[in-house]
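Subject: Structure for you to look at

Hi,

Here is the structure I promised to pass on.

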Amino acid sequence: MLNDRAAASWIGCLLATLLLSLSSHAHAQQRLFALDVSGQVSEVLNFGSFPASLVPVASVAAGAGEEFRGLAYDRATDELLVLSLIGATARLQRLDPVTGQTAPLCTFSAPLAFGLDARGDGSLVMGRSLDRLVLIDRTSCAGDVVDLAMPMALAQTDGGLAVDARGKAALLGADGNSQRADLLDGSTAPFNAAIFTGTTALEVDRDGTVYYGQFDGAMFYDGAALGQSLGSGGAGFAGLAFTEPADGEGMSVVCAGEPNSVGPGGTLEAFGTAEVAAFDLELVGRQLPPGQAGLFVTGCSAGVLPVGDGLLCIAGPVQRFGSVLLVRTSGTVRFRLDGLLIPGGVQILAGETHLFQFWHRDQPATSNLSAALEVVFR
């Protein structure tokens with residue numbers, strides 16, 4: 001039996017879901033960038049349709065014997081990250097897609113490095129030989145190796161790698177096949193998309209559509225449909241990157257965070273899916289004051305109420321999640337929903353809408369809140 005508070009919250013969620021289902025929330029437009037083997041970075045205009053076109057935005061200088069191997073988007077700084085290899089040394093550079101300016105990030109030992117993409121927690125994923133991936137901390141460039149149980153029949157990799165919308169899996173094009181690799185346990189399974197031999201760059205949009213470039217400068221999307229083909233002056237592609245991360249079906253930001261002591265305001269993203277059967281939803285807050293305590297709050301309807309230096313964008317009843325969390329030195333905080341249970345022992349059901357925010361202490365002696373994220377569970 002539910003207690004009165006939990007029952008009231010559950011009924012409120014159902015009513016709020018009916019009201020919110022009458023409105024829709026637009027997603028920010030994804031932009032697609034491509035890196036070719038000569039170091040030319042271009043924006044792909046009208047991707048997903050025909051004809052598409054490449055517009056050069058920057059040229060990354062290469063040293064003697066340097067090979068470009070991957071491209072990723074750093075959502076924390078709104079920059080592109082370029083991976084290159086000089087012998088057994090990998091190099092990461094920052095690239096501002098607006099100004100075209102580059103700046104060094106770090107170098108590290110990484111023989112056979114290929115492919116680059118970013119996860120939801122800010123770490124990077126890089127391929128290093130067919131049977132292993134490396135998770136790279138963006139700030140320190142320290143890496144953790146993930147050994148993969150790749151099928152023996154796949155003797156080589158074509159170099160394509162991407163992180164999917166869940167932020168936990170990678171896609172590898174190998175011998176004309178495609179494999180989804182679990183970054184937690186290294187297990188692999190076939191991915192339902194035809195990637196032809198010669199794939200050198202791979203990316204996935206928020207809807208799961210696969211885009212890939214090849215050694216001859218051709219680019220395709222939607223698996224074997226080959227809906228578009230782009231020339232790159234004959235130069236093969238080394239990397240693809242969407243600059244707006246996949247925020248998942250049924251997830252949208254409904255209220256931006258107010259400026260805090262470290263910047264323009266805390267952001268909030270959800271990784272995993274909104275499927276109640278999956279139980280894999282994780283909340284990630286960014287641009288928060290390091291070392292400060294806070295907690296996640298939830299509710300079923302939107303509102304605007306000044307609280308401290310921020311805005312509480314959830315109308316009552318507002319409930320908190322369990323224990324207090326400390327913001328990491330990187331300015332991030334993570335929380336995995338435990339069995340999709342909200343306070344009071346109420347389980348989230350398919351069809352319900354819930355809003356989430358991170359409420360935290362800030363300097364000097366005040367509090368603030370992150371952006372508010374709405375999730376429509378299914």
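Of the 378 residues in the protein, 53% are buried. Bear in mind that this is a predicted model. On secondary structure, you get one helix and 33 strands. Among contacts with a separation of 6 or more, 52% are between residues 24 or more positions apart. The accessible surface is about 16,000 Å², and carbon and sulfur atoms supply 56% of that.

**Salt bridges**

I went through the charged pairs next. Side chains of opposite charge can pair when their charged atoms come close. The count for this model is six salt bridges.

Arg31 pairs with Glu43, with 2.8 Å between the closest N and O atoms. Arg31 sits in the loop between helix H1 (4-20) and strand E1 (32-36), while Glu43 belongs to strand E2 (residues 40-45), so you are looking at a link between distant parts of the chain, twelve residues apart. As for cover, Glu43 has 13% relative accessibility and therefore counts as buried, the cut-off being under 20%. Arg31 comes out at 36%, which makes it partly exposed.

Glu66 and Arg91 also form a salt bridge, again with a closest N to O distance of 2.8 Å. Glu66 is in strand E4 (residues 66-74) and Arg91 is in strand E6 (residues 89-95), so this pair ties together parts that are 25 residues apart in sequence. Glu66 is buried, at 9% relative accessibility, and Arg91 is partly exposed, at 22%.

Then there is Asp147 with Arg132, where the closest N and O atoms are 3.3 Å apart. This one links strand E11 (residues 143-147), which holds Asp147, to strand E10 (residues 132-136), which holds Arg132, and the two residues are 15 apart. Are these two residues buried or partly exposed? Asp147 is partly exposed at 48% relative accessibility, and Arg132 is partly exposed at 28%.

**Aromatic pairs**

A pair of aromatic rings is described by the distance of the centres and the angle of the planes. Searching the whole structure gives four aromatic pairs. One of them is Tyr211 with Phe242, an edge-to-face arrangement with 5.5 Å centre to centre and 80 degrees between the planes. Tyr211 lies in strand E17 (residues 210-214) and Phe242 in strand E19 (residues 237-242), so the pair ties together parts that are 31 residues apart in sequence. Both Tyr211 and Phe242 are buried.

Tyr212 pairs with Phe220, and that pair is tilted: the centres are 5.8 Å apart and the planes make an angle of 50 degrees. Tyr212 and Phe220 are buried too. There is also an aromatic cluster, made up of Phe296, Phe335 and Phe358.

How many of the ten residues of strand E31 (residues 353-362) are buried? Eight are, so the strand is largely enclosed by the rest of the structure.

Here is how E31 pairs up:

- Strand E23 (residues 293-299) runs antiparallel to E31, and six bridges join the two. Within that pairing, Val297 has Gln357 of E31 as its bridge partner.
- Strand E33 (residues 372-376) pairs with E31 in the antiparallel sense over four bridges. Leu355 has its bridge partner in E33, namely Glu374.
- Strand E32 (residues 366-369) is an antiparallel partner of E31 as well, over four bridges. Arg361 stands opposite Ser367 in E32.

E31 and E32 make a hairpin, with three residues between the two strands.

Cheers

Notes:
Residues are numbered from 1 along each chain as its sequence is written. This is a predicted model: local features need pLDDT of at least 70, side-chain atom pairs count only at pLDDT 80 or more; totals for chains, interfaces and linings use all residues. Side-chain values use heavy atoms; hydrogens and water are left out. Buried means under 20% relative accessible area, exposed over 50%, partly exposed in between (1.4 Å probe, protein chains only). Contact means heavy atoms within 4.5 Å. Accessible areas come from the Shrake-Rupley method with a 1.4 Å probe; for residues, only the protein chains shown count as cover. A salt bridge is a side-chain nitrogen of Lys or Arg within 4 Å of a carboxyl oxygen of Asp or Glu. Rings of Phe, Tyr and Trp (its six-membered ring) pair if their centres lie within 6.5 Å; planes under 30 degrees apart count as stacked, over 60 as edge-to-face and the rest as tilted. Two strands pair if DSSP finds at least two bridges between them.
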